[in-house]
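Hi,

Here is the structure I promised to pass on to you.

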Amino acid sequence: MNQGEVLLSGQNITQRWGGLVALDKVSVEIERGELHAVIGTNGAGKSTLINILSGELKPTEGQVTLLDQDVTHWSQPRRARNGLGRSYQRNTIFPDFSVFENCRLAAQAQVQRPWVWWNNSQKCQLSSTNARNGIRLAGLEAFSDQVAGPLSHGQKRQLEVAMCLATNPQVLLLDEPLAGMGAEETERMLALLGQLKAGHGILLVEHDMDAVFRIADRITVMVNGSVIASDTPDNIRTNPAVQTAYLGDH
Amino acid sequence: MDFSIFLIQLLNALQYGLLLYLVAMGLTLIFGIMGIINLAHGSFYMIGAYMAYALAPLAGGNFFITLVFGLVLAVILGYLLEWAFFSFLYEREHLQQVLMTYGLILVFEEIRSLLVGDDVHGVPIPALLSGSIPLGDVMTYPVYRLFVSGVCLLLALGLYFVFTRTRLGMMIRAGSVNREMVQSLGIDIQFLYRVVFAAGVALAVLAGMIAAPISSVYPGMGNQILIICFVVVVIGGIGSIRGAFFAALLIGLVDTFGKVWLPEASGVLVYVLMALILLWKPSGLFKAGG
Amino acid sequence: MKRLQTTLLAAALLGTSAASMAEDAALKVGLMLPATGTYAQLGTAIENGFKLYVDQAGGKLGGRGVEYVKLDDESDPAKATDNINKLIKSDKVDVVVGTVHSGVAAAMAKVAKQTGTLLVVPNAGSAMITGPMCAPNIFRSSFSNRQPGFAMGKVAAEKGYKKVATITWKYGAGEESVGGFKEAFEADGGEVVKELYVPFPNVEFQALLTEIAALKPDAVYSFFAGAGAVKFVKDYKAAGLMDSIPLLGAGFLTDGTLKAQGGDGEGLLTTLHYADELDNETDKAFRKAYSEAFDTVPDVYAVQGFDAAQILDIGLQAAGGDVSKTADIAAAVEATEIDSPRGKFTLSRAHNPIQDIYLREAKGEENVVIGVAVEKLDDPAKGCRL
Amino acid sequence: MGIDKGKAVFVGLIFLALALYPLVGDSYGIGLINKVMIYAILALSLELLVGSTGLICFGQAAFFGIGAYAAVLLSPEDAAASIWLLLPACVLAAALYALFVGALSLRTKGVYFIMVTLAFAQMAYYVVHDTALGGGSDGIYLYYVPGMDTWLDLGKPLILYFFTLLFLVWTFVFLAILLRSHLGRALAGIRINEQRMLASGFTTYPYKLAAFVTSGGIAGLAGFLFVVQDGFVNPEMLSWHLSGSLLMMIILGGLGHLRGALIGAFAFVFLQEFFKSTAIFGDFAKHWHLGLGLTIILSVAILPKGLIGLPEWVQMRLFGYRNPRQVERADAREDRHS
């Protein structure tokens, strides 16, 4: 496990919707041990980028590489099974299931023979172990047996991350994990992200600037579908182009 | 098949397709804008046809006055139904919409049975349009069928104008693509819904009324057209006005020429066509709002 | 041994008393007819006709008072078996009368054959019912689909038509009717140049009318009923074919539909086992009584309902009101000439009417008889092993 | 996921009652309950799609009908078929058509899926109705009831009754086991949130197709049983009215629960019998569709959770009490939709 190894990269990604260019030759790299944040105004193309990296969208042009393999034409599930986890802006948990079952189901994607209909899924060793692992990493052990629906918003966001982790990913694409969180919850999530980046590569799309500048190792700034800067937080803070284009409006 | 017969068949296909368009249009609009899958839409067609029969005495037998009467009633009916029933369906899941509108079909059919009975009725073609034009050496083409095609075509053009050139049309098109956006633009969504629904009902009722003189009026006539309209809407792309137009014409062609060339398979043909199109384009030929 | 004898005697006594009890009790008649859907109107006419006969017979059939159990068959064959089972097993009817839809009637015939329950079919003309499904306890008071078609085939040949096209719905009744027409017409030297079919119950005929115009046959034979008949005749007229290519049809084309056709059916020649202005006293009395009782003019369906009751009455009279004496009932019905408003007819071994098929002409709202197309027409009853 | 004891006892009691019914029922009752059990199997097959996987199939009658037609068409004309061959053949025929329909229709979503499954059912309807294969609109008879040599005579109503009950229990248990397996859990996940399943690495299409084919096969089984009981097939068995009625059964009973399909089938048939009853409605019974239609509308409007949710609904209406867990769950659901 080499820290600094490039896990996921997008090269010259272009996305056009009819005449509209949503992304214009965007390149990003996510390294192991790195928390890479992407910021930008609404409509800058952050969500499009994350959708292309995760495989939900096929780019008009460009290439996506995951663990040294060209995955541009891979489907989302195939990328997910090969080390790519993602969370969504909105909660995508299963509200009627327990926290454990949420994670176990996510982990089940790795099971080799899913069609064996006579086996009780609850007795599956592999998915249970991975689920517990995800829960532990996300710090939700105390809630393992609770139904997910009634959890607080912050806990649900944590569960979202836990479900990603249960699939044993190398790279995490997190879409606004802090959205709608209170101060205390934010702190807990930031601590969690700090711990996770050791073994993973994390791409974070986030609006909370304070948080981003506190924990990101690298920040990419997007405006109107283009990357205008990609550097350490300190350099970004002083970058004049960023100031006029983005921080200035803030 | 010699050429003149071929042309006549083309005319038949066109006329059938245009009538389908009129009914399917309301279905696709109501779904596209309001997100409601309305199985009872065929019933509106049936109601229209029965209006053409039942209202005729009130209008002194004048077909055109009956039409106006019927349209006014249709708009009122659509408005009331939206208010009393369909407005409760917006937040419901598709399955519940399917079942509730399925229940509505049964209710409409029975109310029809209670009010006008189960007889088959004919509706006379208005004298003004009762002539026919000779085509070929034995065949004549009834003027009324041309009139139906003409009305449908005019309405299609009119709707096209409304959708592309007016503010209401823009709202409707925007609404079928993105409902939240319309709301955020400060448009009175409830009003929009009622207008769309009443228009959809009026279109189906109108189709039923103008079809009545050539189709006669009978129980269960709504169900027959409903399923075929579903096919039209699916092929055209749900919520697409242009799609409904082209799909309806396509179905008209396939049905007409299927009966002549492949009589054994003519019932199945439209469904095979649908399967093929979905294989090629899973969400129909055109996008919503187009 | 003695004990056994006593037991047997007791059982015999009990048996007879039970039987005589049954004769005294009201005859339960299950009317399994369509009350909803396309055929609802026909169901009503049949029921009216049946009740008219019973009322005229003093409220009795075969000497027993009559009690009705009504059931809507919805013209849905998928529910038919359950429906008739309900009448037989749950409502414990003695006799079942029904129905219009051939598919439903076919399912009913199967159950009747298995259970031995008396069944009178007052409309459905499917060949199956008096063919492979025929049984001593199953009767038909109407017709087989083949009959009117066959008669029209004769008429068409007599009129000197050489090339005829046929058009009907793609379904059992239509195909059997066209089959009958073809059989008679081609036997007499004609040729059916094209058989056109419309998916049932589709009523969009325009394409096939154009096809007919292109074929230019000497005449067209058609089988349609109800709404389809109304629309077909109107379309045929509107296409301008009525004047150039004569339209012939099985009688359903113009029965109960002339008013809705709004004059477009005027002058059409059709064949059927009933007609207006038949010159017989039974019919005159029937029409008068029917009009008075139900405030409407009777049609062929009412006649079929009326005769269904009549057939039951004849059979049950002979059996002393005991529905279980199937052989006696069948023998009596087969031996009797039934005095129907349609004219006198008999039932074949397969229990299908052997009847005169009339040639009729549509005048105003009536199908006026202009002659007998075929006298005492039988049905081959293919597959019947009686 | 773990088997709830209360539910298991409840379902067990239903099956026990069904097993004991022949002791009290007359021959009509046995035939009727037999038919309702067949509908219950059919409803269970649909429940696998609609309730468990979230795929609203509006063409289930087609698979039922194809199973039934296969039973008649594959039987020799002058002898009884062996059920060892015929039953699997019927299931296979229906499953194959389901594979075809599923493979195409699963490319579509939401309303498209509803309409496309409906249209494919119509296609099958027209094939049996219009082609020489299906015997046309009058349908075809099965002259000899298929059997298992001599010791299992399905022509005897009582034997058929227990045969059907056996398959009902089998279907229920099979589905219950399937639903807690990996496959079943994945289907549940797809129903609730397919996006999450994709993101977790599930290629959802084959899962859905598996559900579709399984469901079709079970519907084919029901079709086979129908033919054995009635000895008759007709195109109307494939009509969309039946598909609609089946949907109504599962929502009436309670969507998302196998026992809902079971209860729903019985409740729906009872409702129909009730509105058709001339003893209660007199001559108005002829308009029984009106009552049925209104009941469908009202029950969907008021009781969206079906009869299973009735105790909770009564509790809420009468005592204004809501289970706090339920409230939060409902909120969570809204959260998801927003």
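**Chain D and its two domains**

Let's begin with chain D, which splits into domain 1, covering 33–304, and domain 2, covering 308–338. Please keep in mind that this is a predicted model.

How many residues of each domain take part in the contact between domain 1 and domain 2 of chain D? Domain 1 of chain D brings 7 residues and domain 2 of chain D brings 4. On the domain 1 side, the largest share is 3 residues, and they come from helix α10 of chain D, residues 258–276. Sorted by class, that side of domain 1 holds 2 nonpolar, 4 polar and 1 charged residue.

**Chain D against chain C**

Next, follow chain D to where it touches chain C. Here 26 residues of chain D are in contact with 26 residues of chain C. Three helices of chain D each supply at least two residues to chain D's side: α2 (27–53), α5 (110–130) and α12 (288–302). Which of them gives the largest share? That is α2(D), with 5 residues. The classes on this side of chain D are 8 nonpolar, 10 polar and 8 charged residues.

**Which chains touch**

Now for the wider picture. There are 4 pairs of chains in contact, and among these pairs chains B and D share the most contacts. Some chains do not meet, though. Chain A and chain B do not touch, and their nearest C-alpha atoms are 13 Å apart. Chain A does not touch chain C either, with 33 Å between their nearest C-alpha atoms.

**Chain A and its two domains**

Chain A is also divided into two parts. Its domain 1 is made of two stretches, 1–83 and 169–250, while domain 2 of chain A runs over 93–168. The centres of these two domains of chain A, taken over C-alpha atoms, are separated by 25 Å. Their contact takes 13 residues from domain 1 of chain A and 14 residues from domain 2 of chain A.

On the domain 1 side, α2 (76–81) and α6 (183–196) of chain A each supply at least two residues. The helix that gives the most is α6(A), with 5 residues. By class, this side of domain 1 of chain A has 8 nonpolar, 2 polar and 3 charged residues.

Enjoy exploring, and write back with any questions.

Best wishes

Technical notes:
Residues numbered from 1 in each chain as written. Chains lettered and ligands numbered in written order. Predicted model: local features only at pLDDT ≥ 70, side-chain atom pairs only at ≥ 80, totals over all residues. Domains from an automatic or database assignment. Contact = placed C-beta atoms within 7 Å. Helix = DSSP H or I, 4+ residues; strand = E, 2+ residues; numbered from the N terminus. Nonpolar A, V, L, I, M, F, W, Y, C, P; charged D, E, K, R; others polar.
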